[in-house]
Amino acid sequence: MLERISGSLLDPDALYASNPALFNSPALRGLNLVMGFTGFADAGHVVKQINAELLDTLDPEPVAVFDADQLIDYRSRRPHVSFVEDHLQDYQEPRLALYRLTDGLGSPFLLLAGFEPDLQWERFARAVVGIVEKLDVNLVTWIHSIPMPVPHTRPVGVTVHGNRPELIEGISVWKPTVEVPAAVGHILELRLVEAGRNVAGYVIHVPHYLAEAEYPTAAVAGLEYLGAATSLMLPTDRLREAGREVGRQIAEQIEASEDVQQVVSRLESRYDEKAEGTVRRSLLADENDQLPNGDALGAAVEAYLARENRAQ
C-alpha cells in the first residue's frame, strides 16, 4: 500500500471547486481537452497568446476553478496590482481553471488554462487525472514552447510526444534523447499515460533570438497543431495579422544590422542542411496519412460560414 506515496496524500478533489450543473452534464462527456500553463519557459509567449486567444474569442464557460492559494508561491511569482494616484485597483488575481469552449464549427471542447502550479504537483496531477476520468475525456493535448537555434524565416518546428503514434510520426522535426527540467505538463502526461488515457504534448520551437518577445507566428503554429490533433477549428486570424506586423518589424531590424544578417544566414544554412530530404506529414492528413478530398474540405468550410452568418 505504501509502495508509492509521492506527492500529497490529501484529497485532490479539494483543490478545485466545480460548477455542478455543467460538470455533471452528459454534454461534457467524451470531449477533447487542451491544456496550457504559463510560467514554464513559454518562449515567444506562445502559451500566453494561445490561452488569451481561446478565452477571448470562444465564449468560455467555467467548469472548475483551482484554489490558487494552495498552488502558488506568491513570494517567487508575485501578482501585479495597479497603484493609481492614491488608491489600488485592478489586482491581477492568479487563475487556473477548466473551461468549456466551442470552436468555429460549433464543436465543444475543454480548456485547462492558467498559471503553472508552484506547489503540490502530484496532488494537482491526481486532481486533473480524476477530472479526465470523470468526464471520460477523449484526448488530452497540451502545448509549451522552447527557444531553439532556428531562423524565423523557416516554418515553425515542433516536437510531439505522448502515447498516440498517429499524432507523432512524421510531425516531429527534433527527436532528441535529453534530460530537461520538468514542467507540470510533463508530470500530467506521465500520470495520464499511467492511467491509460490518450495524451499528446506539443513543443513549439521558437527562434532563440525571439524567445523573450511575443512571437505570434509560433502561437499560430501551436493552434494549428492542437486543432489538427483534436479536429477543432481554432481561431488564428488575429494572431496571423499580429504575426505579419511582427515579421515586418523583424525584417527592418535585420536589414539594419549586417551582424544579425550573418547570424540568421548561418541558422538558415544549418536548418536547410538538416531539413534536406526530410518529409513532414501535412497537418491536413488523417491517421492513415490521407488528405481530405474536396467534398470534405468544402463541407467544413460551408459549416463554418453558416455558423458565422448565424452569429452576425
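Start with K134. K134 is partly exposed, at a relative accessible area of 39%. This is a predicted model, so keep that in mind throughout. Which residue does K134 pair with? The partner is D13, in a salt bridge at 3.1 Å, N to O. That pair links distant parts of the chain.

In total, the structure has 14 salt bridges. Two more are worth a look.

In helix α5 (residues 184–194), take E194 and R191. Their closest N and O atoms are 2.9 Å apart. Buried or exposed? E194 is exposed, at 56% relative accessible area. R191 is buried, at 17%.

Next, helix α7 (residues 237–255). R248 and E245 form a salt bridge here, 2.7 Å from N to O. They too are 3 residues apart, about one helical turn. R248 is partly exposed at 42%, and E245 is partly exposed at 34%. Shared partners also join E53, D56 and R238 into one salt-bridge network.

Last, helix α2 (residues 46–57). Its 12 residues reach 17 Å from first C-alpha to last, close to the expected 16 Å. Its buried residues are V46, V47, Q49, I50, N51, E53 and L54. Just after α2, D59 takes a positive phi of about 45°.

Definitions and conventions: Residues are numbered from 1 along each chain as its sequence is written. This is a predicted model: local features need pLDDT of at least 70, side-chain atom pairs count only at pLDDT 80 or more; totals for chains, interfaces and linings use all residues. Side-chain values use heavy atoms; hydrogens and water are left out. Helices (H or I, at least four residues) and strands (E, at least two) are DSSP runs, numbered from the N terminus. The expected span of a helix is 1.5 Å times one less than its number of residues. Buried means under 20% relative accessible area, exposed over 50%, partly exposed in between (1.4 Å probe, protein chains only). A salt bridge is a side-chain nitrogen of Lys or Arg within 4 Å of a carboxyl oxygen of Asp or Glu.
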